[in-house]
Amino acid sequence: MFDPSRLPISSELQSYIADELKRIIAFEAKTKRRVRLRKVEDHKRFERVVSAILCDLAHAHLEERGSWRYATFSKEILGRAGRGPDFITETFPGIVRLLSEPAIALVEYEPGRYSPFGGRCTTLRAGKILRSAIRKHGFHFGDLKSDLALRGESIRLRGPKQEGKKRGAVMLVPLGEPADGFRREVDQLNQWYDKADLACDVLPDGRRCDLSSRYLRRHFNNGRMDHGGRFFGAFWLDMKAAHRLQCLTINGERVVSLDFGQCAVRIAYGHAGVSVPAGDLYGVGNLSRDGVKKVMNALLHSSKELSRFPRDTRPDFGPGFGFHQVVRIIQARHAPIAHLFGTGFGMTGFFIESQVIVKSLLELMDMGIVALPVHDCVVVPRSAALAARDVLLKTFTEVTGAVGEVEMEQDKYATTRLPQ
């Protein structure tokens, strides 16, 4: 969707947008689009809208050349209080049309496409003049920043997954607790990350990371605030794990990844109030470890009894093993949590996991340690690895009631090894 929170922070981009505003106003006067000057407040709002459009479409073009943004032209939505920034009003469609005039050519738009966000939306992208300016001036992600106050809701709730669709429809977040508390926690973290010293080398595939993309949202599922809760949105979440270790720095220091081992199964044991058994939890008889891991996760996430191997797991088991035989062997190894199989516990497990991560991040923030969440993992500066590991293990037990396990990983080309 079109993101009106983007601002120009470099003097070069600020100067370019100021020049374009003068050109637009001159065009309006020449073509008699406007007979009278805008009032002071209306002029400020006009400048803010133009700046937001140019910044976000430049950002879209930097992410992927020629890519589009979805935006609504609905007067009912644009005129409704509380729906987006106060400067995006009923005048927004007219400003987009103005910027798309052939003599201006800053925007291209197509009305009325069906969007993945629901309903029909207009699509916008950088016009030929804006694309030319990006090339000429060498504008990049570092010229842009997001205003946190305009990023919108920091928690998102989706309904149950609909048949034939990848995810459920977006729902209104319920008022009061626990939503208010979750929102305060995420807002705290977003303010912390906004000021963090993060840097990233050019990725091995030649792409640059958008370091301004630090705004996290927690996504809840099935219309419930106790299902899901994982983080989405920030640039480091879209990076490959190896690239994070190889290219990302925090406070100028290379990073280490701290991953919870066998997280879903340990959470299930904690939920059942039973001690976690010793040894490898995915080590079940002579079955393939990778196969057992995939099947166990499928059993925990499915809301009904499974009757066949999950997709792409059959090759993990030899021809002598049928699906029901494999399940019986797993159930015998993990009898204390077998009653959770086929109950849809997985989303509850995700919520418990996300609570562990949030509580750990806030404690590390209080210690002055920048820790970046990646689902059931955090990324921290190498010097903070042991302190962060201790916090994660302590918090895991406090939240889940089970003993956790944390695996540390660093870039394979690092010259020094992490302490164990």
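This is a predicted model: local features need pLDDT of at least 70, side-chain atom pairs count only at pLDDT 80 or more; totals for chains, interfaces and linings use all residues.

Residues are numbered from 1 along each chain as its sequence is written, and side-chain values use heavy atoms, with hydrogens and water left out.

The pocket is lined by 20 residues, and those closest to its centre are Phe-141, Gly-142, Leu-144, Leu-211 and Ser-212. Strand E5 (144–146) and helix H6 (179–194) are the elements that give two or more residues to this lining; E5 has the largest share, with three residues. Helices (H or I, at least four residues) and strands (E, at least two) are DSSP runs, numbered from the N terminus. By class, the pocket lining has nine nonpolar, five polar and six charged residues. Here Ala, Val, Leu, Ile, Met, Phe, Trp, Tyr, Cys and Pro count as nonpolar, Asp, Glu, Lys and Arg as charged, and the others, Gly among them, as polar.

Pockets and cavities are found on a 1 Å grid over the protein atoms alone: in a cavity a 1.4 Å probe fits but cannot get out, a pocket is an open set with protein on both sides within 12 Å along at least five of seven lines, and lining residues have an atom within 4 Å of a point. Grid points are joined across faces, edges and corners, and a volume is the space filled by probe spheres set on the points. The whole structure has four cavities of 30 Å³ or more.

The largest cavity has a volume of about 80 Å³. Its lining includes Cys-263, Leu-300, Phe-345 and Glu-353. Helix H8 (263–272), helix H9 (289–301) and H11 each give two or more residues to this lining, and H11 supplies the largest share, five residues. The lining divides into six nonpolar, three polar and one charged residues.

The second largest cavity, of about 50 Å³, has Tyr-16, Leu-130 and Leu-144 among its lining residues. Its lining has eight nonpolar, one polar and no charged residues.

| Pair | Closest N to O distance |
|---|---|
| Glu-20 and Arg-23 | 2.8 Å |
| Glu-398 and Lys-359 | 3.0 Å |

Glu-20 and Arg-23 are about one helical turn apart, because they lie three residues apart in helix H1. Glu-20 is buried at 6% relative accessibility, whereas Arg-23 is partly exposed at 28%; buried means under 20% relative accessible area, exposed over 50%, and partly exposed in between (1.4 Å probe, protein chains only). Glu-28 is also buried, at 6% relative accessibility. Glu-398 is partly exposed at 45%, and Lys-359 is partly exposed at 37%.

Note on methods. A salt bridge is a side-chain nitrogen of Lys or Arg within 4 Å of a carboxyl oxygen of Asp or Glu.
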